[in-house]
Amino acid sequence: MNFKRKLLLAALPFAFTFAGAANAEMTLKIAEVHPAGYPTVVAQEHMGEKIEEATDGELKFRMFSGGVLGSEKEVVEQVQLGAVQMTRVSLGTLGPVIPEVNAFNMPFVFRDHEHMRKVIDGPIGQEILDKITNSDFNMVGLAWMDGGVRNLYTKEPVRSIEDLKGMKIRVIGNPLFIDTLNAMGAQGVAMATGEIYSALQTGVIDGAENNPPTMLEHNHYREAKNYTLTGHLILPEPIVISKTTWNKLTPEQQDIVMKYAKEAQMEERQLWDKKTEESVAKLKEAGVEFIEVDKQPFYEATAPVREKYGAEFADLIKRIEAVE
Ligand code: BDP
């Protein structure tokens, strides 16, 4: 039996147990790998409060931040089963589960951060959320959070693409990212967020790639003091709710959840910009060197990755590029 079918079957008893439970009070668990105070955590906490108020306390939320409910991959599986009701994850993590979303996961598919924001705010952003909802994976895509721009951080400085040669660089567990780092001359190594710090410490990896808030808040900067501004990935991060949970909500409750998830999308963005600015300042203070690099060689080296993964999204990619 394939994995997908197993998950669907496993979800059945839950569906029956809770059938007809609409209108009852429900507490929804939200899982987050980021710590308390992180922009995505704060925005979702506010979302939860607003939904609770708007539903007269029928829907309540409990935030489990700091990865206490597991890695993103584990949490996605829990959401599919309805055991965890909601989460915000990197689209990178969802790619291997729902390959239709991988268009946004390709290296340099967005011109810059602003371009990504325009795309997720418009019809294409909704289209990718709908792909999540319409897949067989028992999740509803509600809204987007901003995960900024991902750059390389390494123990030894990377001042040109040649310096990256042979370095073991951690990526999110998605073959697309392994291929991306390999194409740049490094060796992509997949592992969960929570394992990066000790892998850096013990020398299992030579570096990783992420945005400034994650580099700071997950303490990676203590072990990797060189930040090379490649901007190779700009990954948006969907908030998803288990379809098992969604189907138990009344249409009114569904509208309310959707409305405040979309509001959270805009609130998180303000928090994100502020947090990024503060993180950059703190990282510099802690001795991290920010290295400007010619991006062109990184763009060119990853062309085969865009060809390999982008072929099936050719029309979509044209439409992404056309967003001004
Ligand atoms: C962060 C994302 C988070 C990912 C993490 C990672 O916000 O969702 O899990 O990167 O690379 O930027 O594991």
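1. Thr-87 counts as buried in this predicted model, because its relative accessibility is 1%, below the 20% cut-off. The residue belongs to strand S3, which spans residues 86-88.

2. The side chain of Thr-87 has a polar atom 2.6 Å from the backbone oxygen of Ala-31. Ala-31 is also among the contacts of Thr-87 beyond four places in sequence, together with Ile-30, Gln-44, Val-75, Val-79, Pro-238, Ile-239 and Val-240.

3. The largest nonpolar core comprises 52 residues. Leu-94, Phe-104, Ile-132, Met-139 and Leu-164 have the most contacts inside this core. Helix H6 (residues 123-134) supplies its largest share, 4 residues. A separate core holds 22 residues, including Met-26, Ile-30, Leu-59 and Ile-256.

4. For Leu-94, the contacts beyond four places in sequence are Val-76, Val-89, Val-101, Ile-132, Met-139, Pro-238 and Val-240.

5. Helices H7 (residues 175-183) and H13 (residues 303-310) pack with their axes 9 Å apart and at an angle of about 155 degrees. Angles over 145 degrees count as roughly antiparallel, so H7 and H13 are roughly antiparallel to each other. Their crossing is right-handed.

6. On the H7 side, the residues that meet H13 are Pro-175, Leu-176, Asp-179, Thr-180 and Ala-183. Their partners in H13 are Val-305, Lys-308 and Tyr-309.

How values were computed:
Residues numbered from 1 in each chain as written. Predicted model: local features only at pLDDT ≥ 70, side-chain atom pairs only at ≥ 80, totals over all residues. Heavy atoms only, no water. Helix = DSSP H or I, 4+ residues; strand = E, 2+ residues; numbered from the N terminus. Buried < 20%, exposed > 50% of the residue type's maximum accessible area, 1.4 Å probe, protein only. Polar contact = N/O pair within 3.5 Å; in protein donor to acceptor, adjacent residues only side chain to side chain. Contact = heavy atoms within 4.5 Å. Core = buried A, V, L, I, M, F, W, Y, C linked by side-chain atoms within 4.5 Å. Axes fitted to C-alpha atoms, helices over the stretch in contact; angles between N-to-C directions. Parallel < 35°, antiparallel > 145°, perpendicular 65-115°, else oblique. Left-handed = near helix turned anticlockwise from the far one by under 90°.
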